[in-house]
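I opened the model today and kept notes on what I looked up. The entries follow in the order I made them.

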Amino acid sequence: LAAMKQNVGLKILNCAAALVVLGGCFDMLIPAVPQNLVAYLGVPKGELPPHLSSLLLGFLRALGGCLLAIGITAMLIINGPLKRGERWATWALLILICISEGINASQMWRFGSPYYVPLAFAALTVVGVMLLPKQLEAKL
């Protein structure tokens, strides 16, 4: 039973990390400023000044690059140190994903974006960690 829980937990964690990577890629590849941000600025549709559009897309792409790096790092931690049972890896994974996606969700909520998506990534991470057997978590 412990091996099955570990396997399911690791699969959930890999899924969460892959979703963080995909979210980062989405932010990096978005072709135009999302309408909710344009609406927040109070600018009529299609009248966003090009320099402001470039700035906002630059911020989104920078965020996306950070999320991409976090997701890749999470995958490395999950399939290396966490799988070997190194205790620090659990905490590192929770810190990486929950803080980054928690902040992402809080800011998305402020500006009318679907904030529940990054919250789901963080929740998947917590569930995956909770499914890991105690001896895997406690092993130093």
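**Overall layout**

I counted the secondary structure elements and found six helices and zero strands in the protein chain. Read along the sequence, the pattern is α-α-α-α-α-α. I note here that this is a predicted model.

I took the extent along the principal axes: the C-alpha atoms fill a box of roughly 60 × 20 × 20 Å. Of the 140 residues, 36% count as buried. For contacts with a separation of 6 or more, residues 24 or more positions apart account for 75%. The chain exposes about 8,000 Å², and carbon and sulfur atoms supply 73% of that area.

**Helix H1**

I checked the span of H1, which has 28 residues. From first C-alpha to last it reaches 40 Å, close to the 40 Å expected at 1.5 Å a residue.

Next I listed its buried residues. They are Gly9, Leu10, Ile12, Leu13, Ala16, Ala17, Val20, Val21, Gly24 and Asp27. What do the buried residues of H1 pack against? I found H3, H4 and H5.

**Valine 33**

I moved to the loop between helix H1 (2-29) and helix H2 (35-41), where valine 33 is found. Is valine 33 buried or exposed? I read a relative accessibility of 8%; the cut-off for buried is under 20%, so valine 33 counts as buried.

I looked up its contacts, leaving out residues up to four places away in sequence. Valine 33 touches Val38, Leu48, Ser53, Leu56 and Leu57.

**Helix H3 and its end**

H3 covers residues 50-84, which is 35 residues. I got 50 Å from its first C-alpha to its last, close to the 51 Å expected at 1.5 Å a residue. I also looked for bends in H3 and found a kink of about 40° at isoleucine 78, shortly before proline 81.

Just after H3, glycine 85 takes a positive phi of about 90°.

I searched for salt bridges, and the count comes to one. Glutamate 86 forms a salt bridge with arginine 84, and the closest N and O atoms are 3.0 Å apart.

**Aromatic pairs**

How many aromatic pairs does a search of the whole structure find? I have two in the notebook.

Tyrosine 40 and phenylalanine 111 form an edge-to-face pair, 4.7 Å centre to centre with 85° between the planes. This pair links distant parts of the chain, 71 residues apart: tyrosine 40 is in helix H2, and phenylalanine 111 is in the loop between helix H4 (87-110) and helix H5 (116-131). I read a relative accessible area of 23% for phenylalanine 111, so it is partly exposed.

Tyrosine 115 and tyrosine 116 form an aromatic pair that is also edge-to-face, at 5.8 Å centre to centre and 70° between the planes. I checked the accessibility of both partners. Tyrosine 115, at 33%, counts as partly exposed. Tyrosine 116 has a relative accessible area of 54%; the cut-off for exposed is over 50%, so tyrosine 116 is exposed.

Technical notes: Residues are numbered from 1 along each chain as its sequence is written. This is a predicted model: local features need pLDDT of at least 70, side-chain atom pairs count only at pLDDT 80 or more; totals for chains, interfaces and linings use all residues. Side-chain values use heavy atoms; hydrogens and water are left out. Helices (H or I, at least four residues) and strands (E, at least two) are DSSP runs, numbered from the N terminus. The expected span of a helix is 1.5 Å times one less than its number of residues. The bend at a residue is the angle between axes fitted to the seven residues ending there and the seven starting there. Buried means under 20% relative accessible area, exposed over 50%, partly exposed in between (1.4 Å probe, protein chains only). Contact means heavy atoms within 4.5 Å. Rings of Phe, Tyr and Trp (its six-membered ring) pair if their centres lie within 6.5 Å; planes under 30 degrees apart count as stacked, over 60 as edge-to-face and the rest as tilted. Accessible areas come from the Shrake-Rupley method with a 1.4 Å probe; for residues, only the protein chains shown count as cover. A salt bridge is a side-chain nitrogen of Lys or Arg within 4 Å of a carboxyl oxygen of Asp or Glu.
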